[in-house]
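Have a look at the model first, then read on.

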Amino acid sequence: MASFTMTHDINCSVEEFWQGFLDPEFNRQLYNQELRFSKYEVVEQKEEGNQVKRTVEAKPPLNMPGPVAKALGEGFGYREIGTLDRSKSTYEWRWVTSALTDKLSVEGTMKVEPAGDQRCKRVVTIRIGAKIFGVGGLIESAAEKNMREGWDASAAFTNRYAASKRG
């Protein structure tokens, strides 16, 4: 299993960050336009006290080596099942993938912390496990590369989006 952590400086408050995270328009612009997902849809989102439970269906663009692309198949996607705990400023999720469901696991935690006036720090830890003989390690490293690129791009987009909201 591969595990990695990324930290991004975001130019908005923690509260503004979570407002954007839950905003359908922000997500449409981020996933459909910026990250070029062929599908990104929040299929369920419900508030339960300090928590927001959310389920997303997504089909990300994949830049994978041939053997990995073949193993995942065309139209690879996932269902993300996550919970935002506002009291801890943490979102935890896991994916149920459209391919290799019993052999591929992806889960993570995103914590957002204050980092000064109108700034916060987003710390994301992701764990990827691929139990597939011969290509498991290749799938894990390709997934990590794709996810790092996506999260870096999402941080840049979030900063541009926050700046545009301030005018």
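Let's start in a loop. Leucine 100 sits in the loop between β5 and β6, and its phi is near 55°, a positive value in a residue other than glycine.

Is arginine 36 buried or exposed? Arginine 36 counts as exposed because its relative accessibility is 62%, and the cut-off for exposed is over 50%. For background, most residues other than glycine have a negative phi.

Before going further, a word on confidence. This is a predicted model, and the chain has a mean pLDDT of 93, with 99% of its residues reaching 70 or more. Among the elements of the chain, strand β4 (residues 78-85) has the highest mean pLDDT, 98, while helix α3 (residues 66-72) has the lowest, 79.

**The cores**

The largest nonpolar core holds 37 residues. Those with the most contacts inside it are Phe17, Trp18, Trp93, Met110, Ile126, Met147 and Trp151. Which helix gives the most to this core? That would be α4 (residues 136-166), with 7 residues. In general, nonpolar side chains in soluble globular proteins tend to be buried together.

Leaving out residues up to four places away in sequence, phenylalanine 17 touches Ile10, Cys12, Met110, Val112, Cys120, Arg122 and Thr158. There is also a second, separate core of 11 residues, and Val68, Ala99, Ile132 and Ala142 are among them.

The largest pocket has a volume of about 940 Å³. Of the 47 residues lining it, Leu30, Tyr31, Leu35, Gly150 and Ser154 are the closest to its centre. Where does the lining come from? At least two residues each are supplied by α1 (14-22), α2 (24-34), β3 (51-59), β4, β5 (90-97), β6 (104-114) and α4. The largest share of the lining, 14 residues, is from α4. Split by class, the lining has 30 nonpolar, 9 polar and 8 charged residues.

Helix α4 carries both tyrosine 161 and alanine 163. Tyrosine 161 counts as buried because its relative accessible area is 12%, and buried means under 20%. Not counting residues up to four places away in sequence, tyrosine 161 touches Asp23, Phe26 and Gln29. Alanine 163, by contrast, is partly exposed, with a relative accessible area of 42%.

Over in strand β7 (residues 120-130) lies arginine 127. At 23% relative accessibility, arginine 127 counts as partly exposed. Which residues does arginine 127 contact, leaving aside its neighbours within four places in sequence? The list is Met1, Ala2, Ser3, Ser105, Val106, Glu107, Gly108 and Thr109.

| Pair | Apart in sequence | C-alpha to C-alpha distance |
|---|---|---|
| Arginine 127 and serine 3 | 124 residues | 4.3 Å |
| Alanine 163 and cysteine 12 | 151 residues | 8.3 Å |
| Tyrosine 161 and asparagine 11 | 150 residues | 9.5 Å |

Cysteine 12, from the table, is also one of the residues that phenylalanine 17 touches. Moving on to serine 13: this residue is in the loop between β1 (2-10) and α1. Why does serine 13 count as buried? Serine 13 is buried because its relative accessible area is 14%, and the cut-off is under 20%. Leaving out residues up to four places away in sequence, serine 13 touches Gln118, Arg119 and Cys120. Cys120 is a contact of phenylalanine 17 as well.

Conventions
Residues numbered from 1 in each chain as written. Predicted model: local features only at pLDDT ≥ 70, side-chain atom pairs only at ≥ 80, totals over all residues. Heavy atoms only, no water. Core = buried A, V, L, I, M, F, W, Y, C linked by side-chain atoms within 4.5 Å. Buried < 20%, exposed > 50% of the residue type's maximum accessible area, 1.4 Å probe, protein only. Helix = DSSP H or I, 4+ residues; strand = E, 2+ residues; numbered from the N terminus. Contact = heavy atoms within 4.5 Å. pLDDT = per-residue confidence, 0-100. 1 Å grid on protein atoms, 1.4 Å probe; cavity = no way out; pocket = protein on both sides within 12 Å on 5 of 7 lines; lining within 4 Å. Points joined across faces, edges and corners; volume = space filled by probe spheres on them. Nonpolar A, V, L, I, M, F, W, Y, C, P; charged D, E, K, R; others polar.
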